[in-house]
Amino acid sequence: MQHGKYRFIAGFLALPLIIYAIFVISPFVQAFQISMTDWSGLVGTAEFIGLDNFQRLWESDDFWNALRHNVYMLAIVPVVTLALGLFFAFMLNVGGKRRKNEVVTGVAGSKFYKFVFFFPQVISIAIVAVIWSNIYNPDPADGMLNSLLGAIGLDGLQNAWLGEKSLALWCISAVMVWGHVGFYVVLFSAAMASIPRDIYEAALLDGANRFHTFFKITLPLLWDTVQTGWVYMGIIALDAFALVQIMSVNNGGPDGATDVMPLRLYQTAFRDSQFGYASAMGIAMLIVTMTFALLTMRFARRERIEF
Amino acid sequence: MGSTSAHDNEGLGRRNLIKRSAALGLIAVPTMGFLSACATGGDGGDDKKTDAPKGETSEKNPLGVKNGVALEAFIFKGGLGDQYAKDAEADFKATYKAEVKHTGTQEVGPKLTPRFAGGNPPDVIDNSGAGHLDMNKLSSQGQLQDLAELLDAPSLDDPAKKVRDIIHPSTLEKGKHGDVFDVLYYAFTIYGTWYSQKLLDDKGWTYPKTLDEMVTLCGEIKKEGIAPWTYAGKYPYYVHFNLFAQIAKIGGMDAWMAIDNLQPNAWTGNDAVKEVVEHYEELAAKKYFLEGSQGLTHIQSQTAWNKRKAVFIPNGSWVENEAAPTTPKDFGMAVGALFDGSGDKHPHGTLRAEPSEPYIVASKGKNPRGGMELLRIMLSKEHAQNFATKVKSLTCVVDAPEGMTLSPGLASANKVFKEAGENLLSLQLQEWYPALTDEKLGGLTGQLLTGELKAAEWIKKAQAEADKVAKDDSVTKFQRTS
């Protein structure tokens, strides 16, 4: 029975595994192979050049500049997104005033808010980027943000946003947060719903306030979900390609201030026709992303609380 | 959700499942070795000679296009749209009873790179726009059809005249890689300072002749509460259209060619560079640029200009078509030639005019003869005029605009073009080294115009960036002597 079971499972898995191998694993393997050539991407011939591309990458200021921006985003975007997501989810599910017959409730209109928060998630990222680049339009009459600031008398805060070297990266990061926070509100809401009500009840009887319930009950019981969200959000922060490519001034500008690794890769491949070098960048990105995911999994692990 | 750990000992635990699938993945990897028939190993080497279909040549069909063989056209759909190409394709279809597959796109490079690598490129490509294919690489790798046959074929309108004789000499010059003519730049772009004639007339201003006059006029304009200049901060290379050309006009083409050829000290050793970059520094210091321009797209800056928020904008002749939706009826769009500086090497009225919209025919496509014939159709007077009417831009067919009514911007462009006569400048730097001009110098220029960077720094850094490219073996280098 035992060996028959595995054969049975393998039989079902064969087809998806073959498809996975062809369309996911083989491109990965090939990227390694291409990264050691000087392939232009335009013709079928390429020379093997060993690790030269990686050496070039190591010495490239542009690449380190791009990587640094990804690391900045990695440090800020997941924290802010998850914190906001947790906060909103808590308010929508637990944070409301106590009502009759209900131990914990969300704030009034929480169903509606949930819908609103989730909305950016259903819009394609390209559309999000276009919408926001119009919001950031520096024109004081046509740009939404600037005209809003003008209308409420805060002319002094009007800015060129994406055209401002010190602000551009954070303008794009803000869009990233905006675009993803809704997903985490819904994710955390679902997770919170599975926390037994009697735990809250006991805490409330002991006189715990919202602050205590959040940090002593909700957050520890959600830790697994938060950790998953962290990895997921981190990978998004290490990408950021679509937003930067569509929104940023001069493709990663002003003067390289918003350049990110995937954009550099794209430019190297499609503008400069250096697919070999671009593949080396892809490998470098893979290493960075994997390192991040492994470190997070390793150090964020905590004792599980069973309920 | 919550925790799943309570169920870990039932059946295949999550951890075990992951371990096992990882193991399966490891087995799968080596077996994929032979399956991955490797992208680099595909066809497309020099082994495959063109087995192009060829029909009978005749007076009507000098290139010997075979009837009924399908043609595929890939047209850049940017400021000029792609309707003009569709019109020519319709004629091709009617004449040769062949299907024409048309694709209009803004992403020529990303879409066609894999097709060239795979050995099945489309026949005709309008390789324009920010994401265009690297034509130097394509040419050196034998992917481009030699268009000599097209040049020697009789033109559609007058069999006594060869195609070579009806197109502009600089188009013939620019389309060459070495001695082979393999790129047909169909349009002619006039670069310069664009303005509204009506606005100038209303205010009693005249288009300045020199850089100094420009600074003076900017002061007057600013007093009226209008910004003298705006530009597409999102694409700072728009500023280079004027900035680079102005350097070439004052310093002379020999000094500019040193810049094109990435020679040492080409930027730092050229006094015209100093004069022009300092001019822009002055404009920035006196706040003569519309506030926020550094964050505007080309469309947004053109719209602000159409709304008279700014008087001048550096641009190319496609602007009339591109800005048409926001241009007021009585705007009187006009373009002016380059300004005089001190000790100019080129006379007043010198203009930067570049053959543009590079059309290429893939030598390894399915119907290269059909591709050339489509170009011959497009070079007929009928289609050149259709282009001028539809997209308000000049073509390389020299006599095409004769006897037709031109739109204001096009008429103005045609006028400065005629006035410039032989004094046309053609710059290669952006075409050859877009990573240098658009990304690196563009970044510097962006800062120059916001006043964050001084002219002296701009020049020093520009030289350093150019030197870096000159030393980089992975960038294909070019040389020009004329």
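How far apart do the end C-alpha atoms of residues 115-135 of chain A lie, and how much of the span is helix? The first view below answers this. This is a predicted model, in which local features need pLDDT of at least 70 and side-chain atom pairs count only at pLDDT 80 or more, while totals for chains, interfaces and linings use all residues. Residues are numbered from 1 along each chain as its sequence is written, and chains are lettered from A and ligands numbered from 1 in the order in which they are written.

**View 1**
The end C-alpha atoms of residues 115-135 of chain A lie 22 Å apart, and the span is 90% helix and 0% strand. Helices (H or I, at least four residues) and strands (E, at least two) are DSSP runs, numbered from the N terminus. Now look at residues 167-187 of chain A: here the chain is 95% helix and 0% strand, with 30 Å between the end C-alpha atoms. An unreviewed UniProt entry places the feature "transmembrane region" at several stretches of chain A, including 115-135 and 167-187. UniProt positions are given in the numbering used here, feature names are shortened, and annotations may be inferred rather than shown by experiment.

Chain A has 13 helices and 0 strands, and its C-alpha atoms fill a box of roughly 75 × 75 × 30 Å along the principal axes. Of its 307 residues, 39% are buried. A residue is buried if 20 or more other C-beta atoms lie within 10 Å of its own, exposed if 12 or fewer, and partly exposed in between; C-beta atoms are placed from the backbone. Find A:N251 in the loop between α11 (241-247) and α12 (261-271) of chain A. A:N251 is not a glycine, yet its phi is positive, about 45°. A:N251 counts as buried because it has 23 C-beta neighbours inside 10 Å.

**View 1. The largest nonpolar core.**
A nonpolar core is a set of buried Ala, Val, Leu, Ile, Met, Phe, Trp, Tyr and Cys residues joined through C-beta atoms within 7 Å. The largest one has 133 residues, and among those that touch the most other members are B:I190, B:W229 and B:F289. Helix α10 (residues 237-251) of chain B gives the largest share of this core, 10 residues. Domain 1 (71-187 + 354-405) and domain 2 (190-353 + 426-471) of chain B both contribute residues, so the core lies between them. These domain bounds come from an automatic or database domain assignment. Zoom in on B:W229, which touches B:L283, B:Y288, B:F289, B:L290, B:A310 and B:F312, leaving aside residues up to four places away in sequence. A second, separate core of 64 residues includes A:F88, A:V181, A:L187 and A:A257.

**View 2. Where the two domains of chain B meet.**
The C-alpha centres of domain 1 and domain 2 of chain B are 30 Å apart. Across the boundary, 9 residues of domain 1 of chain B are in contact with 9 residues of domain 2 of chain B. Two residues are in contact if their C-beta atoms, placed from the backbone, lie within 7 Å.

**View 3. Strand β10 of chain B and its partners.**
All 11 of the 11 residues in strand β10 (residues 351-361) of chain B are buried. Two strands pair if DSSP finds at least two bridges between them. Strand β6 (residues 184-196) of chain B runs antiparallel to β10(B), with 7 bridges, and B:I190 stands opposite B:A353. Strand β3 (residues 124-126) of chain B is also antiparallel to β10(B), with 3 bridges; here B:D126 has B:Y359 as its bridge partner. Strand β12 (residues 424-425) of chain B is parallel to β10(B), with 2 bridges, and B:L351 is partnered by B:L424.

**View 4. One side of helix α11 of chain B.**
Which residues of helix α11 (residues 253-260) of chain B are buried? They are B:A255, B:W256, B:I259 and B:D260. These residues cover an arc of only 150° around the axis, so they sit on the same side of α11(B). The arc is that of the directions from the helix axis to the C-beta atoms. An α-helix has 3.6 residues a turn, so residues three or four places apart point the same way. The cover over the buried residues of α11(B) includes α10, α12 (271-285) and α18 (429-432) of chain B. After α11(B) comes B:L262, with a positive phi near 55°.
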